[in-house]
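The following exercises concern the way in which parts of a protein chain meet. Please study the sequence and the structure before reading each solution.

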Number of protein chains: 2
Amino acid sequence: MNSSDWMNERKLNILRAVINDYIMTAEPIGSRTIARKHELGLSSATIRNEMADLEEMGYLAQPHTSAGRIPSVKGYRLYVDHLIRLTELTLEEVISIRNAISEQAFELNRLMRHVTSILSEATGYISIATIPKMNQNKIKAVQVLPVEPGKLLVVSVAEGGIVRNRLVRISVTPDPNFVQKVSRVLNSKISGLNMNEINLEVIRGIKEDIQVPDSMLMPILDAVYDCIGSIDSNEAYVDGTVNLLGYPEFHDPVRVRELFRLLDEENNIQQLLNRDETNSTNVTISIGTENRLEQARDSTVVSTSCPMGDSMMSSIGIIGPTRMDYSRVISIMKLDRRLFKNEFEKLYNGNNSEET
Amino acid sequence: MNSSDWMNERKLNILRAVINDYIMTAEPIGSRTIARKHELGLSSATIRNEMADLEEMGYLAQPHTSAGRIPSVKGYRLYVDHLIRLTELTLEEVISIRNAISEQAFELNRLMRHVTSILSEATGYISIATIPKMNQNKIKAVQVLPVEPGKLLVVSVAEGGIVRNRLVRISVTPDPNFVQKVSRVLNSKISGLNMNEINLEVIRGIKEDIQVPDSMLMPILDAVYDCIGSIDSNEAYVDGTVNLLGYPEFHDPVRVRELFRLLDEENNIQQLLNRDETNSTNVTISIGTENRLEQARDSTVVSTSCPMGDSMMSSIGIIGPTRMDYSRVISIMKLDRRLFKNEFEKLYNGNNSEET
DNA sequence: GTTTAGCACTCGATACAATAGAGTGCTAAC
DNA sequence: GTTAGCACTCTATTGTATCGAGTGCTAAAC
């Protein structure tokens, strides 16, 4: 190892050039290509030497002796950390994303799906999202409504506009006034509680406060419990899986299958996303083998978190080939995060600072 | 054309054998294979002659001169219409599907997703489902609930247990009694109406019946309208897309991509499913080019409809390669349909015959 | 000392010919 | 009517030669 093995500005420029080219073409990049396309004022021979050094240092790899170089994970890492030049999105892009995102959003579930879909469309990769379980979520209201003879509806509303409901069938048709009374008691007892303060005991304990035969009350209480319980049963959102099929690195059906199967499990989505809770305000990038999950080892995950109100935090991200267009993805991600946050707050009226 | 060109029992047996084999192997089937594996008491030469006839008649095709035969669409058609021997599912299979399906179903949306997922898992193909729009659906109840200061929740329930809700923000916090009154008037005016009897006029007309400043009432009425409108905005359910990647006929990424992209549009799903409304009680099969949609021309769609209550009809189906295991798929489909119907009725208490 | 031109070398990709084998159609014998 | 036998067709495979992109190294130029 002599001095030429140390990193210098020129090596970085070459590395950046190689990665930029490789991102576009998916073909190994040779020294001549770099010499021709980028005006570094260097001959191919010089570049060749530098590339050999970069390979020795672990930033580039060679599929076989007489091929060009492709970036290694270490190379991509350096690239996204220091070399990348963030491209501004064009005004049209920004506007089109902005318009798309604010189009319609009247419910959390739909908003999430909408955001996911926009993200995958804008990037051309797979987009994923979850709202991780967090049971400090607080119940805002619980109500029981008569629907038709023999049927009631239990509705519960939690922070962040999460609404769940259950139909209850009961053999006798209760008096509307009775339903209203039950509803009122339930609401006064339960609303304001945190999710983790609620369990079957608490709910069943409520029957002490209502003088009514168990046979009538129990189905209702069970439904309430069930309904509240489903508040933090969260789903994962996935969109744009088709997109990946367009990239040559995903032409192998078994690889694609493994990846797609991975995305069927909500659990895995969470694992892909919740990589790094600490710097949650920023964009996190997991390149290839940096991913924990085996099946995602030749993909890159770019993700970010977004606080929603005081007690929830959603994660959104995209999955693509390691040679993804990082610059563009990061820009879109940041924009999307901001717009999503806006949209959420517009919908649910700020971060509910009237808490405690 | 001499007498040997007419269809006879032996030809049918050979056709069945070819199709059965091809379904298993996805390779062109030669005369020797048939002579060896199936005891038809015939030599390969005889079978060869018959196969040549079958080809001339359009039931078989030959990829090239010196290859075996593969079934044509016409061949498959004959097969499913007359030749197929329905295999009984094993008891274990039936039990496992039955258990899976009755596991958890407390809401229509979830039930649909659940059924779709089971269907794709049981068959190994893609499963799809929709509940086509039908606006004779009837509103059962509409209610407005206070959630927290400045926020109300509008809930509407339609036949078949379809529940929708919208959050409403209003600048002033209305008195609970006022909310209750509005709720009562709304409910009495709207519940019982058919979807197609409801429009913006009707809803806004309700304000005549409530003496209250517009500024307070209008957001609520708009939300009600919106909420009711979303009752028949139906989604399509798709599951098991990964499955197809395992079959050699779907190894071509561009073909797969086209098919998958097709499935992104709810509209297309409906088109694939609602082929044949007439014999809706039975299983409908669309083989290859029989499909209307270009992108599904080398797949087969097997579907069936299932009445839900009096006013809704859902369609479920599966998509697979034309050489799918028809026998098994049909059995599973019928079982699934029956179990689904049961489950639905269990959930929503029969077909609500107290209508009119 | 650094850069570059030049050249031998490597190795995948492409093209082409030869071969093997599966399957057919046809004819003649049973 | 059935089947054994055979010539024929066409794909898939294998082997061989060639091409070319790209490399590493050396020696000359700067």
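The model shown is predicted. Chain A is divided into domain 1 (3-83), domain 2 (91-132 + 235-348) and domain 3 (139-232).

**Exercise 1.** State how many residues each of domain 1 of chain A and domain 2 of chain A brings to their contact.

*Solution.* Step 1: the contact takes nine residues from domain 1 of chain A. Step 2: domain 2 of chain A contributes twelve residues.

**Exercise 2.** Describe the separation of domain 1 of chain A and domain 2 of chain A, and the area buried between them.

*Solution.* Step 1: the C-alpha centres of the two domains lie 29 Å apart. Step 2: the size of an interface is often given as the accessible area lost when the parts come together. Step 3: here the two domains bury about 880 Å² between them, and 67% of that area is on carbon and sulfur atoms.

**Exercise 3.** Identify the salt bridge between domain 1 of chain A and domain 2 of chain A, and examine the side that domain 1 presents.

*Solution.* Step 1: the count between these domains is one salt bridge. Step 2: A:Arg77 forms a salt bridge with A:Glu290; their closest N and O atoms are 2.5 Å apart, which is within the 4 Å cut-off. Step 3: on the side of domain 1 of chain A that touches domain 2 of chain A, helix H1 (9-25) and helix H4 (73-83) of chain A each supply at least two residues. Step 4: the largest share of this side, five residues, comes from H4(A). Step 5: by class, this side has eight nonpolar, no polar and one charged residues.

Note on methods. Residues numbered from 1 in each chain as written. Chains lettered and ligands numbered in written order. Predicted model: local features only at pLDDT ≥ 70, side-chain atom pairs only at ≥ 80, totals over all residues. Heavy atoms only, no water. Domains from an automatic or database assignment. Contact = heavy atoms within 4.5 Å. Buried area = accessible area lost by both parts, 1.4 Å probe. Salt bridge = Lys/Arg side-chain N within 4 Å of Asp/Glu carboxyl O. Helix = DSSP H or I, 4+ residues; strand = E, 2+ residues; numbered from the N terminus. Nonpolar A, V, L, I, M, F, W, Y, C, P; charged D, E, K, R; others polar.
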